[in-house]
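Let's go through this one as a set of questions and answers. Have the model open while you read.

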Amino acid sequence: MKEFEAKREIIAFFRNKRDKFISGEDISDSLGFSRASVWKYIKKLREDGYSIEAVPNLGYKLAATPAKMYGYDIASVLKTRKFGKKNIYHYESIDSTNNKAYELAESGEPEGTVVIAENQTQGKGRMGRRWVSPKGTGIYMSLIVRPDAEMDEIPAMTLITAYCIIKAVKDASGLEARMKWPNDVIVNGKKLCGILTEIKAQPDQVNFLVLGIGVNVNTPSSKLPPEGTSIKNECGCEIDRPDLARGILTQFEKGYTRFTNEGFGAIRKECMDCSFTLGKKVKVLEHHRSIEGEAVDIDEKGALIIRTASGEKRRVFSGDVDVLR
């Protein structure tokens, strides 16, 4: 990751100096790079689309940045300790960020590694569905997580992820999104974000999770399915995708740390407070059976509690949820 780290440090240095010219010597001395390395990486940054002005006797100035989700750029001003701080793999196009993250996790990549792409050709949703991933408009990102948790605690991880995305979306746009159990984030009844959790585990041990996150950020309605929407469609303004990705990673690290230290109970109330599903009549299709009733609770493991017409309470860990009118 030498190039990743060098670009990250140079971009961070430019951002800290804002619109000022910086001498090559200053960059070299401050970051511990040779002058030749500084020039080499500035050339690479220009090839990536960064506009870096150079003026004799003044030095360099970052004039403009490309509308790309480069990992080193996201990491350059990221305040997390683990997630996205060191390893963010960026792809112009990929079949699925989840597929790549799973492959990396199996090869030993550490917790906190992120895979992000401008476009997915085979974006994955739950139950074999496809996640529409128009190029350069959304966030298509997968995180490697290695929790010290029991198998029955894992469903809560999807809810925590949704809650953290809701917070990041509000910070970026002011939108009040809601969580549709178990894995969707919605605004005004339309899907804004989907989460796909894939797991490798043994009977008594979780090896790792891959949390796939797809957010419709600046995606026009013409490129979305009828049930989908985007942040731009809802708030009317263009959203900085790298900045939103930083927000999601920052909020996720906070939520995951609480989960690790205190369990799902520490975040359960917040997840319930932003739920779109609770208090509504629902039909859940789970493993070729359906359950109808009122969604009345989310328990300490993240399961949805449904009270049927007979008064019986049923516990559901996964499934497709339809809200009934």
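Predicted model: local features only at pLDDT ≥ 70, side-chain atom pairs only at ≥ 80, totals over all residues.

Q: How many residues of strand 5 are buried?
A: Strands here are DSSP runs of E with at least two residues, helices are runs of H or I with at least four, and both are numbered from the N terminus. Strand 5 spans residues 138-145 and is mostly covered. The count of buried residues is eight of eight.

Q: Which residue of strand 5 stands opposite valine 114?
A: Strand 4 (residues 114-117) runs antiparallel to strand 5, and four bridges join them. Two strands pair if DSSP finds at least two bridges between them. Opposite valine 114 stands leucine 143.

Q: What is the bridge partner of isoleucine 139 in strand 9?
A: Strand 9 covers residues 205-216 and pairs with strand 5 in the antiparallel sense, over eight bridges. In that strand, the partner of isoleucine 139 is valine 215.

**Rings**

Q: What are the distance and the angle between the rings of tyrosine 102 and phenylalanine 208?
A: A search of the whole structure turns up eight aromatic pairs; rings of Phe, Tyr and Trp (its six-membered ring) pair if their centres lie within 6.5 Å, with planes under 30 degrees apart counted as stacked, over 60 as edge-to-face and the rest as tilted. Tyrosine 102 and phenylalanine 208 make an edge-to-face pair, at 5.0 Å centre to centre and 70° between the planes.

Q: How many residues apart in sequence are the parts that this pair ties together?
A: Phenylalanine 208 is buried at 2% relative accessibility, whereas tyrosine 102 is partly exposed at 24%. Tyrosine 102 belongs to helix 5 (residues 97-106) and phenylalanine 208 to strand 9, so the separation in sequence is 106 residues.

Q: Over which ring does the charged end of lysine 280 sit?
A: A charge sits over a ring if NZ of Lys or CZ of Arg is within 6 Å of the ring centre and within 35 degrees of the ring normal. The charged end of lysine 280 is 4.5 Å from the centre of its ring, which belongs to phenylalanine 276.

Q: What arc do the buried residues of helix 3 cover?
A: Helix 3 (residues 35-47) buries Val38, Tyr41, Ile42 and Leu45. They sit on the same side of helix 3, because the arc around the axis (taken from the directions from the helix axis to the C-beta atoms) is only 105°.

Q: Which residues are exposed on the other side of helix 3?
A: The buried residues of helix 3 pack against helix 1, helix 2, strand 1, strand 2 and helix 4, where contact means heavy atoms within 4.5 Å. On the other side, the exposed residues are Ala36 and Glu47.

Q: Which strands do the buried residues of helix 5 pack against?
A: The buried set in helix 5 is Thr97, Asn98, Ala101, Leu104 and Ala105. They share the same side of helix 5, because their arc is only 125°. Their packing partners are strand 3, strand 4, strand 5, strand 8 and strand 9.

**A loop**

Q: Which residues is threonine 308 in contact with, leaving aside its neighbours within four places in sequence?
A: Threonine 308 lies in the loop between strand 12 and strand 13. It is buried, at 14% relative accessible area. With those neighbours left aside, its contacts are Ile291, Glu292, Gly293 and Arg314.

Q: What is the C-alpha to C-alpha distance between glutamate 312 and glycine 293?
A: Glutamate 312 is also placed in the loop between strand 12 and strand 13, and is partly exposed at 42%. Glutamate 312 and glycine 293 are 19 residues apart in sequence, and in space the distance is 9.3 Å.

Key: Residues numbered from 1 in each chain as written. Heavy atoms only, no water. Buried < 20%, exposed > 50% of the residue type's maximum accessible area, 1.4 Å probe, protein only.
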